[in-house]
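Please keep the sequence and the structure in view while reading.

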Amino acid sequence: MLFHVAMEVRLPPDMPADQANDLKTREKAMAQEIQRAGKWPQLWRVAGRYANISIFDVADADELHTLLSALPLFPYMDVRVTALARHPSAI
Ligand SMILES: O=C(O)CC1=CCC(=O)O1
């Protein structure tokens, strides 16, 4: 099942740089692990914002939630999920 996921990251401005860098390093490692597993086939930066647009390919919304909520930056992200269905005109 495909999901369009929009993530906006909002780190507290007073978060120490070491803590922010650790979160970003762990986020990258986990994101790449999920991509290698084939469950995160598209990950795009939104130009000009600390945000991304992604496509996830997972079994269901429960699996998606499990993956998203395990991301190190999850507590600092505003996440919007849209379930995708096949368009009848798609070829
Ligand atoms: O930088 C971001 O958009 C947040 C993020 C999600 C996966 C990743 O590696 O970074």
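In this predicted model, Leu2 stands opposite Asp57 in strand β3. The pair belongs to the contact between strand β1, residues 2-9, and strand β3, residues 51-57. These two strands run antiparallel and are joined by 7 bridges.

Strand β3 also pairs with strand β2, which covers residues 42-45. Here 4 bridges join the strands, and the direction is again antiparallel. Strands β2 and β3 form a hairpin, with 5 residues between them. Within the turn, Gly48 has a positive phi of about 85°. As a general point, the side chains of a regular strand alternate between the two faces of the sheet.

How many helices and strands does the protein chain contain? There are 2 helices and 4 strands. Read from the N terminus on, the elements follow the order β-α-β-β-α-β. The C-alpha trace of the protein chain spans about 50 × 25 × 20 Å along its principal axes. The protein chain has 91 residues, and buried residues make up 11% of them.

Is α1 largely buried or largely in the open? Of its 20 residues, the number buried is 1, so α1 lies largely in the open. In general, an α-helix has 3.6 residues a turn, so residues three or four places apart point the same way.

After α1 comes Gly38, whose phi is positive, near 85°. Gly38 is found in the loop between α1 and β2. It counts as exposed because it has 9 C-beta neighbours inside 10 Å, and the limit for an exposed residue is 12 or fewer.

Ala51 lies in strand β3. With 16 C-beta neighbours inside 10 Å, Ala51 counts as partly exposed, because this number falls between the limit of 12 for exposed residues and that of 20 for buried ones. Leaving out residues up to four places away in sequence, Ala51 touches Ala6, Met7, Glu8, Val9 and Val46.

Ser89 has its place in the segment after strand β4, residues 77-84. Ser89 is exposed, since 5 other C-beta atoms lie within 10 Å.

| Residue pair | Separation along the chain | C-alpha distance |
|---|---|---|
| Gly38 and Phe56 | 18 residues | 8.7 Å |
| Ala51 and Gln35 | 16 residues | 18 Å |
| Ser89 and Leu71 | 18 residues | 35 Å |

Which residues make up the largest nonpolar core? It has 9 residues in all: Val5, Met7, Ile34, Trp40, Phe56, Val58, Leu64, Leu73 and Met77. One of these, Leu64, is in contact with Phe3, Phe56, Val58 and Val81, when its neighbours within four places in sequence are left aside.

The last topic is the surroundings of the ligand. Met7, Val9, Glu27, Lys28, Ala31, Asn52 and Leu73 surround the ligand. The elements that give two or more residues to this shell are β1 and α1. Which element provides the largest share of the shell? The largest share, 3 residues, comes from α1. By class, the shell consists of 4 nonpolar, 1 polar and 2 charged residues. Met7 and Leu73, listed above for the largest nonpolar core, also belong to the residues around the ligand.

Note on methods: Residues are numbered from 1 along each chain as its sequence is written. This is a predicted model: local features need pLDDT of at least 70, side-chain atom pairs count only at pLDDT 80 or more; totals for chains, interfaces and linings use all residues. Two strands pair if DSSP finds at least two bridges between them. A nonpolar core is a set of buried Ala, Val, Leu, Ile, Met, Phe, Trp, Tyr and Cys residues joined through C-beta atoms within 7 Å. Two residues are in contact if their C-beta atoms, placed from the backbone, lie within 7 Å. A residue is near a molecule or strand if its C-beta atom, placed from the backbone, lies within 6 Å of it. Ala, Val, Leu, Ile, Met, Phe, Trp, Tyr, Cys and Pro count as nonpolar, Asp, Glu, Lys and Arg as charged, and the others, Gly among them, as polar.
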